[in-house]
Amino acid sequence: MSDTPLPVSGKRLAGLVRNIAGHRVAAAVAALVILPWVAPYEALAVNILIFGLYAVGFNLIFGYTGMLSFGHAAFLGVGAYGCGVAISVFGINWLLAIAIGVVLAGLTAMAVGALAIRSRGIYFAMVTLALAQCVYYILYQWSDLTGGEDGLRGVSVQAVNLGGIELDMLNPLTKYYVMLAFVGIALSIFSRILESPFGAVLKAVRENENRARACGYDTMVTKWLAFVLSGMFCGLAGALYAIHLSIVPIETAHYLTSGEAVMMALLGGMGTFFGPFVGAGMFLLLQDILSAEVEYWQFFTGAIFVLFVLFFPRGIWGSILHWLGK
Amino acid sequence: MNPFDIPAQLWAFQIFTGLAQGSLLVLLAVGLSLIFGMLTVVNFAHGAFYMVGAYVGVFVFMQTGSFWLGLMAVPVLVGTIGLVVERFLIRPLYGRGIDYPLLLTFGLSFVFIDLAKMLFGKVGLPFDAPEILQGAVDIGIGYFPAYRLFLIVAMVVMVGVLWLFLEKTSYGLIIRAGARDNEIVRVLGIDISRVWLVVFGLGTASAGIAGYLSAPMESVIPEMGIPVLVQAFVVTVVGGMGSLVGAVVAGLLVGVVMAVTSLIAPQLTDASMFAVMALVLLVRPQGLFGRKGLME
């Protein structure tokens with residue numbers, strides 16, 4: 001994160017890294033504050049911010065707990081539709097609508113998690129995928145409320161009032177910083193979870209579930225709770241996404257969107273704090289550049305992902321951290 | 001529609017339709033289940049292999065004009081692609097965690113989909129069943145589309161052949177032993193990696209056949225495998241991973257449940273298979289015929 005051109009000795013560099021790692025939320029938010037000024041255009045920065053949060057939420061279950069879920073699009077989707085329907089159909093205040101999106105995503109995660117946690121190991125990926133696709137079909141069929149195939153339209157939040165200050169959400173930069181406020185709060189909660197004893201149990205489950213259980217931890221409840229929390233972060237990302245686009249495409253809840261979270265987390269570095277943002281940035285930037293240049297950009301993103309799985313399973317950020325930690 | 005107003009004949013007809021649809025699911029799930037049972041690899045590219053099978057078959061059909069030649073070419077060509085994928089992409093990942101092959105095949109499915117778009121275009125290919133399988137056959141409860149009947153027969157023949165291969169040949173014995181305990185098989189001097197290669201080829205070939213057989217009923221488009229993958233997963237979870245019997249029973253069950261639901265409440269057709277899965281997960285998390293502990 002630091003671009004100091006001064007020659008620094010290895011020791012000082014390591015000290016700097018440790019210092020940044022000690023204030024990871026502040027460092028991450030600082031990097032995200034700069035993002036719209038380095039991104040090609042502001043809308044892309046907003047997308048990186050939102051999908052970064054989505055990948056962060058997914059990373060709680062994949063990177064930190066070691067469970068590969070292919071169902072997180074359901075929580076992104078329910079968050080987006082929950083918030084979007086609250087605004088467009090019921091005319092609810094946008095702040096409350098975001099809360100509704102997060103809560104509904106959490107409830108969905110409770111139900112999906114309760115069923116999926118029963119299946120262990122590799123089964124988990126298939127079951128979460130199937131259950132999330134069930135949520136997709138429900139959203140698809142419930143067209144009176146969700147708009148079905150056409151997606152939800154008219155999620156319009158043009159101006160917001162934050163603490164007495166009127167903010168113009170049509171200005172992309174203002175919109176970005178309003179959303180960053182939410183992401184910043186989410187990241188500090190996320191960091192707090194990781195530092196808590198609960199966070200330590202999560203990592204214990206990842207490293208050796210049997211041993212964690214032998215230590216007296218109820219691993220089932222731990223995994224379920226982690227799944228629900230993870231779903232709520234994704235729900236927040238979904239709610240912000242609905243406000244950002246002012247529509248909700250039905251593809252938001254499709255399992256291929258779950259795959260995007262998997263790709264972003266792996267490209268960035270699973271189990272790292274800032275990696276998902278790096279992964280989301282790389283994925284969306286790549287998609288942006290490739291889709292402008294070639295028609296079949298998914299060929300390249302797919303191939304790059306395959307190469308990462310084969311040769312750089314640590315991801316970009318994970319590799320940098322590994323190299324610095326040597 | 002009120003289920004009590006539907007005549008019994010329509011019920012029987014719809015159940016038969018479900019069996020035909022289920023036969024395709026069986027072919028798909030058998031391959032997925034076989035690969036998992038042996039290699040503990042969840043093949044996320046299974047839907048893509050299904051799509052490749054449809055394209056390869058239709059391509060051979062367009063060149064030769066023969067449906068049957070296509071049917072013979074598909075398992076060979078798709079299976080060969082499967083062999084290459086296993087040898088060069090999946091093999092380096094053994095021993096590096098169970099998630100990696102899954103992630104790799106997921107990325108690979110995008111590559112396949114876009115390759116199909118590059119080679120054949122984004123619009124679907126038209127394809128009809130051969131003349132001999134067009135029309136309808138009287139099956140006692142009314143006239144039933146001949147092609148759907150053929151699907152059921154084809155599934156029974158193929159699963160039968162696979163069963164004979166696994167149960168009655170010495171190579172099948174090695175495969176079954178490998179699924180039980182591959183280390184012992186290795187100690188006995190058998191090159192297990194070659195067995196895995198063959199199994200992956202077999203599994204992908206069966207996905208290809210399923211894709212080709214579905215081609216006359218669905219449109220052949222590059223994305224055709226995307227929803228199919230979900231169905232294949234549901235069937236495997238219901239039947240129990242690694243179980244041949246489970247794949248057959250669950251495939252037919254899911255096919256029939258979906259067909260019957262489409263008669264009573266068409267908008268719930270897709271949701272019905274998830275309801276079956278949720279029920280099975282609640283009662284038997286390892287699947288109807290799954291062995292406990294295999295997945296861990």
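These questions and answers walk through a predicted model with chains A and B.

Q: Which residues of helix H6(B) are buried?
A: Helix H6 of chain B spans residues 170-180. A residue counts as buried if 20 or more other C-beta atoms lie within 10 Å of its own. In H6(B), the buried residues are Ile175(B), Gly178(B) and Ala179(B).

Q: Which helices do the buried residues of H6(B) pack against?
A: The buried residues are Ile175(B), Gly178(B) and Ala179(B). Their packing partners belong to chain B. They are helices H1 (8-39), H5 (146-168), H7 (182-187) and H8 (192-214).

Q: Which element gives the most residues to the side of chain B that touches chain A?
A: The contact takes 36 residues from chain B and 34 residues from chain A. On the chain B side, the elements giving two or more residues are H4 (99-120), H9 (225-239) and H11 (269-283). With 15 residues, the one that gives the most is H4(B).

Q: How many residues on the side of chain B that touches chain A are nonpolar?
A: Chain B brings 36 residues to the contact. Four of them are polar and five are charged. The nonpolar residues number 27.

Q: Is Leu290(A) buried, exposed or partly exposed?
A: Leu290(A) is found in helix H13 (residues 275-293) of chain A. It has 17 other C-beta atoms within 10 Å. Buried needs 20 or more, and exposed needs 12 or fewer. Therefore Leu290(A) is partly exposed.

Q: How far apart in space are Leu290(A) and Thr301(A), C-alpha to C-alpha?
A: The two residues are 11 residues apart in sequence. They are also in contact. In space, C-alpha to C-alpha, they are apart by 8.6 Å.

Q: At roughly what angle do the axes of H13(A) and H14(A) cross?
A: Helix H14 of chain A covers residues 297-311. The axes of H13(A) and H14(A) come within 9 Å. Their crossing is right-handed. The angle is roughly 145 degrees.

Definitions and conventions:
Residues are numbered from 1 along each chain as its sequence is written. Chains are lettered from A and ligands numbered from 1 in the order in which they are written. This is a predicted model: local features need pLDDT of at least 70, side-chain atom pairs count only at pLDDT 80 or more; totals for chains, interfaces and linings use all residues. Helices (H or I, at least four residues) and strands (E, at least two) are DSSP runs, numbered from the N terminus. Two residues are in contact if their C-beta atoms, placed from the backbone, lie within 7 Å. Ala, Val, Leu, Ile, Met, Phe, Trp, Tyr, Cys and Pro count as nonpolar, Asp, Glu, Lys and Arg as charged, and the others, Gly among them, as polar. Axes are lines fitted to C-alpha atoms, for helices over the stretch in contact, and angles run from 0 to 180 degrees between N-to-C directions. A crossing is left-handed if the near helix is turned anticlockwise from the far one by less than a right angle, and right-handed if clockwise. Lists of a residue's contacts leave out its neighbours within four places in sequence.
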